[in-house]
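Dear colleague,

I am handing over the structure that we spoke about, and you will find it directly below.

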Amino acid sequence: MITISSVTLAVVLAIFMRSFQEGSYGIMVETAVGKFSGYVQVHQKDYWNDKTIDNGMVVNEQLIKTIKNIDEINGVNLRLESFSLASNKMNTKGTMIMGVEPAKEDAMIGLKNKIVKGEYINANDQSIILGSGLAKYLDIDVGDTLVLLGQGHWGQSAINAYPVKGIVKIPSPVLDKQVIFMPLLLAQSYFSFENGVTSVVVIFEDPDYTEEVSAAINAVIDTTQYQAMTWQKMTPELIQQIEGDKAGGIIMIAILYMIIAFGVFGTVLMMTEERKREFAVMVSIGMQKKKLMLISFYETLMMNLVGIIAGILLTIPIVYYYKVNPITLTGEMAESMEQFGIEAVLPTVLDFNIFLNNTLIIIVITGIAAIYPLFSILKMNVIKSLRG
Amino acid sequence: MKTVIEIKNLQKTYTETAVEVKAVNGVSLIFEEGEFTAIVGPSGCGKTTLLNLLGGLDAPTSGQVIIDGIDISTLSSRKIIDFRMKNIGFVFQAYNLIPVLTAKENAEFIMQLQNKSKVERETRIAELFKAIGIEGKEDIRPSRLSGGQQQRVAVARALASKPKFILADEPTANLDSVATSELLDIMRKLNEEENITFIFATHDQRVIDRARRVVYLEDGVVTKDELKE
Ligand SMILES: Nc1ncnc2c1ncn2[C@@H]1O[C@H](COP(=O)(O)OP(=O)(O)O)[C@@H](O)[C@H]1O
Ligand SMILES: [Mg+2]
């Protein structure tokens, strides 16, 4: 019974913890950030160090073609990003203008179904959509007109007023309070930057190819003028956090497995010591040690199996619960997550592989532990053990 | 009379201890079928050691234990275990029933090792439980039986496989006088009616009184071998 419950506990702990870690922000940030910024972007060479519109570039058909020619790459999204003041009634706020290709951008980050009011923009619209937090702050609604004031290309001033076509709810509260999306063409005219973009977002399926794609682009473009960057390079602090978190997670898991191993071995050891006399009696009245070992091994195995199955059955609902009702994070990590448009919650993942892997590891641990009684029986001194 | 065990100049010296202990120091004895014998002596005189040698649980330093014409100290440990299963019944001071098994399962244990059929087992156990007066306790676990009842189950276990002889080390040491006399009655009856050979190690006067042969042991040496009937 003790053995069964210790194995059950081991399974519950291991799977639960792994499910949390797998679901943890590290991986979420990884995918979500990658999704939002694109895994690879191409900029004008100086743009990343000094993100002003003056370091933007004019769309160059040749460059786009060269990039698209690379095998893995499905296409590119053009963005023109810069800052402006937005003003409505008595409220003024610094905002981030994102000139985007509406259809492609929707395909990439799914903006359309985040619209909470009004409609999504089309490529040739002369209107904008803005984050719900920003709309609230500016006290502006769909159909109203928003005044924008900023700096255009090469010091030209950018002033204009655009009707609000829709309000979009961005998961990141920070972004939600400052982002304005407008069609790329409109942004180019607002900033007086014909055919200008700041980022070429490279679209491809498999994030595992990020490095390769970036390298492939850099190999074919004129790197004195342009530069391809992976999202990891674009957000190094975040990467550090993720890596640190992953390393911490591995240490935690190692410690957990050690505790589990000690627990399982401890109980097996105890059980064996407790039953030594019983074993000695069996051998003295005529049971072959081999047979006893077989039975003992089978017994331990069955107990472990019951423990593991019980553990899995117990864990599924717990993991499921925390998947549906994730733990909400607070503090620095939460902030940095929100900055990247990710909700600061910690759901678990209900992943068959986690169950499988951890169950296998525990089967190995208990399997090794099951060998101890066998040695104990083999080496047993019947007379000593009988005396107990 | 048929000889069941013959021991010749048996010696057992424990050397792991600081001082060498000659626990059994040159014992020669013959045990015959149908004996009811007590090996008697003060604590530490070597009774348990002698019994362990008789049962092949321990190997002698020198000398022979011949059962059925075979010197069991020459057998491999595998063969000795098999030999015990087929020929020897053990009764221990601490009963040593297997706690997770019921009374009946405990008694059947050796018969199962011997692959006896279910019918055969059932008949034998029913017969034995009746003979030793614990009918109705078949499905009870040892922890819920009294000491006397547990020891009777142990006797049933020892007898179940129809061994050549029973070795019992201080079987009454943990029992009160009622349970002791009941147990002795049962064993005497089995001895008389079924000609089962019993060899006890004991310093219990009640056992000595009921024994038909008493072997006195002192410091590993036989000092007296008394046939009472
Ligand atoms: N495993 C052992 N190692 C060393 N000495 C032992 C061992 N077993 C018994 N002895 C010693 O051998 C002597 C006889 O012991 P034992 O046969 O148990 O006597 P009894 O059963 O008559 O009390 C005692 O002196 C005891 O201390
Ligand atoms: Mg003794």
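Counted over all chains, the structure holds 21 salt bridges; please keep in mind that this is a predicted model.

One of these pairs joins the side chains of A:Arg79 and A:Glu105, with 2.5 Å from N to O. Because A:Arg79 lies in strand 3 of chain A and A:Glu105 in helix 4 (residues 102-109) of chain A, the pair ties together parts that are 26 residues apart in sequence. A:Arg79 is buried, at a relative accessible area of 2%, and A:Glu105 is buried as well, at 0%.

In chain B, the side chains of B:Lys104 and B:Glu122 meet in a salt bridge at 3.2 Å, N to O. Here B:Lys104 belongs to helix 3 (residues 103-113) of chain B and B:Glu122 to helix 4 (residues 118-131) of chain B, so that parts 18 residues apart in sequence are tied together. B:Glu122 counts as partly exposed, with 31% relative accessibility. A further salt bridge, at 2.8 Å from N to O, is made by B:Arg206 and B:Asp204, of which B:Arg206 is partly exposed at 31%, whereas B:Asp204 is buried at 14%.

Returning to chain A, a network of salt bridges links A:Arg275, A:Glu278 and A:Glu299. There is also a negative surface patch, formed by A:Asp71, A:Glu72, A:Asp208, A:Glu211 and A:Glu212; A:Asp71 sits in the loop between helix 3 (61-68) and strand 3 (73-88) of chain A and is exposed, with a relative accessible area of 76%.

As for chain A overall, 14 helices and 14 strands are present, and 50% of its 388 residues count as buried.

Best regards

Conventions. Residues are numbered from 1 along each chain as its sequence is written. Chains are lettered from A and ligands numbered from 1 in the order in which they are written. This is a predicted model: local features need pLDDT of at least 70, side-chain atom pairs count only at pLDDT 80 or more; totals for chains, interfaces and linings use all residues. Side-chain values use heavy atoms; hydrogens and water are left out. Helices (H or I, at least four residues) and strands (E, at least two) are DSSP runs, numbered from the N terminus. Buried means under 20% relative accessible area, exposed over 50%, partly exposed in between (1.4 Å probe, protein chains only). Patches are made of residues with over 30% relative accessible area and no salt bridge: like charges are joined within 9 Å, nonpolar side chains (Val, Leu, Ile, Met, Phe, Trp, Tyr) within 5 Å. Accessible areas come from the Shrake-Rupley method with a 1.4 Å probe; for residues, only the protein chains shown count as cover. A salt bridge is a side-chain nitrogen of Lys or Arg within 4 Å of a carboxyl oxygen of Asp or Glu. Lys and Arg count as positive and Asp and Glu as negative; His and the chain ends are not counted. The place of a charge is taken as NZ of Lys, CZ of Arg, CG of Asp or CD of Glu.
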